[in-house]
Amino acid sequence: LVARMQPFTSTIFAEMSALAVRTGAINLGQGFPDTDGPPSLLADAAANITSGINQYPPGPGIPELRAAVAEHQKRFYGLDVDPDHVLVTTGATEAIASAVLALCEPGDEVVTFQPYYDSYAATIALAGAVLKAVPLRPAHPGEPFAFDPDELRAAFSARTRLVLVNTPHNPTGTVFDREQLTLIGRLAAEHEAIVVTDEVYEHMVYDGRPHVPMATLPDMAERTLTISSVGKTFSVTGWKVGWISGPPQLVAAVRAVKQFLTYVSGAPFQPAIASALALPDSFYAELADGLQRKRDLLSGGLAAAGFTVYPSTGTYFVVTDVAPLGVADGAELCWRLPELIGVAAVPVSVFCADPDLGRTLVRFAFCKRDEVLTEAVERLANLK
Ligand code: PMP
Ligand code: GLN
């Protein structure tokens, strides 16, 4: 294995999910729902397979899906996206990797936030680019995670090529507001950097807060690549169909790389997803309402069990501090938790360039059936 990939030999999700299976623990580690998405979507995909939609789709994705993504951006955010400037990818993961590989020369710097979704650091390393990770921290215990504007400013340099933003943010559950995004965008513009924004949790925002896409901010559409995917919105994380849109020359660059990573994918899924994106507003509202209730159920149980619980306003996740339980290392607790009480979680330190930043933090996923969460809460109460 090449040296630059050696720190990335295994993923925490694989390790903790394997441990959960081995011990029969409830898996609140890896973020995937334990119920299927909309029945119409599942039926459409099955019918597409049996009716012969099984060969290579067009390189940029089928026209119906590209049009549906553009229509979705108009409907929810008032954004004008030309379907010709939408590229269908193998999940958001491939969109992120293709963007970084397409746009970064070795030595170029990528500003992002830590903790980060684990593929970011690996992908940046693969490109030979340099990760500049700005810490997200709560101002006080129990307050939402945020960046320090001065630390953000200091992360930019003449070598900054990309800013990789994720809102709603995995793992912290933070949703960046307009003011935070405006500062990120302004710094990107000042340094002539491109913004790549990972918005896979765009429909999982709670407490009536809005999701603000970076591309909706003044003058930002021209320097922003926006990424989302089917997995979270439609509860089919194994389908791995995503999309990226933005200025034509940037999308063309991403496509040049993407075509040699996977060429194409998901032929029978693509038409089904195109139809699902047009589901009525009630579908999207119920998704968020249901997850908000689950967040409250699990957060309440964690707090009662003695964890410090940070407020999550988006995503599938809630981050806790285990220091009040007398635990100095969240990773060490995660390795013991399945045996101890039959619940699996993931340590936040593995998502940090500076592991000390997340040393006592542990992430729990709440995208599970109510009865599973209720059982998990009962088990967590045994920790005391
Ligand atoms: N970005 C973030 C922030 C994620 O949490 C995930 C999770 N699965 C992905 C990207 C990957 O999305 P996909 O499965 O569509 O590749
Ligand atoms: N996005 C999910 C998470 O953060 C799963 C990612 C994965 O398994 N690679 O838990």
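This is a predicted model: local features need pLDDT of at least 70, side-chain atom pairs count only at pLDDT 80 or more; totals for chains, interfaces and linings use all residues.
Student: How do you know how much of the chain is buried?

Tutor: A residue is called buried if 20 or more other C-beta atoms lie within 10 Å of its own. Buried residues make up 49% of the 384 residues.

Student: What share of the contacts joins residues at least 24 apart in sequence?

Tutor: Counting contacts between residues at least 6 apart, 72% join residues at least 24 apart.

Student: Which residues are in contact with A215, leaving aside its neighbours within four places in sequence?

Tutor: They are L79, M220, A221, T224 and T226.

Student: E192 and T315 both have a positive phi. Why is that worth a remark?

Tutor: Because most residues other than glycine have a negative phi. E192 has a phi near 50°, and T315 has one of about 75°. Neither of them is a glycine.

Student: Where do E192 and T315 lie?

Tutor: E192 is in the loop between α7 and β8. T315 is in the loop between β11 (308-309) and β12.

Student: How do you know whether E192 and T315 are buried or exposed?

Tutor: Apply the cut-offs to each. E192 has 10 other C-beta atoms within 10 Å; exposed means 12 or fewer, so E192 is exposed. T315 has 30 C-beta neighbours inside 10 Å; buried means 20 or more, so T315 is buried.

Student: Which peptide bonds are cis, and what is omega for each?

Tutor: The bond joining Q114 and P115 is cis, with omega about 0°. The bond from N170 to P171 is also cis, with omega near 10°. Most peptide bonds are trans.

Student: Where are P115 and P171 placed?

Tutor: P115 lies in the loop between β3 (109-114) and α5 (118-126). P171 lies in the loop between β7 (160-166) and α7 (178-190).

Student: What makes up the shell around ligand 2?

Tutor: T11, F13, Q30, G31 and N170 surround ligand 2. By class, that is 1 nonpolar, 4 polar and no charged residues. N170 also takes part in the cis bond to P171.

Student: What makes up the shell around ligand 1?

Tutor: That shell has 13 residues, of which G91, A92, T93, Y117 and S229 come nearest. The classes are 3 nonpolar, 8 polar and 2 charged. Helix α4 (residues 91-103) supplies the largest share, 3 residues.

Student: How is the protein divided into domains?

Tutor: Domain 1 takes residues 3-37 + 282-383, and domain 2 takes 39-276. Their centres, over C-alpha atoms, are 23 Å apart. The contact involves 37 residues from domain 1 and 38 residues from domain 2.

Student: Which elements supply the side of domain 1 that touches domain 2?

Tutor: α11 (281-304) and β12 (317-321) each supply at least two residues. α11 gives the most, with 6 residues. By class, that side has 21 nonpolar, 10 polar and 6 charged residues.

Student: What does UniProt place at residues 25-380?

Tutor: An unreviewed UniProt entry places the feature "domain: Aminotransferase class I/classII large" there. In the model, the end C-alpha atoms of residues 25-380 lie 12 Å apart, and the span is 40% helix and 17% strand.

How values were computed:
Residues are numbered from 1 along each chain as its sequence is written. Chains are lettered from A and ligands numbered from 1 in the order in which they are written. A residue is near a molecule or strand if its C-beta atom, placed from the backbone, lies within 6 Å of it. Helices (H or I, at least four residues) and strands (E, at least two) are DSSP runs, numbered from the N terminus. Ala, Val, Leu, Ile, Met, Phe, Trp, Tyr, Cys and Pro count as nonpolar, Asp, Glu, Lys and Arg as charged, and the others, Gly among them, as polar. UniProt positions are given in the numbering used here, feature names are shortened, and annotations may be inferred rather than shown by experiment. Two residues are in contact if their C-beta atoms, placed from the backbone, lie within 7 Å. Domain bounds come from an automatic or database domain assignment.
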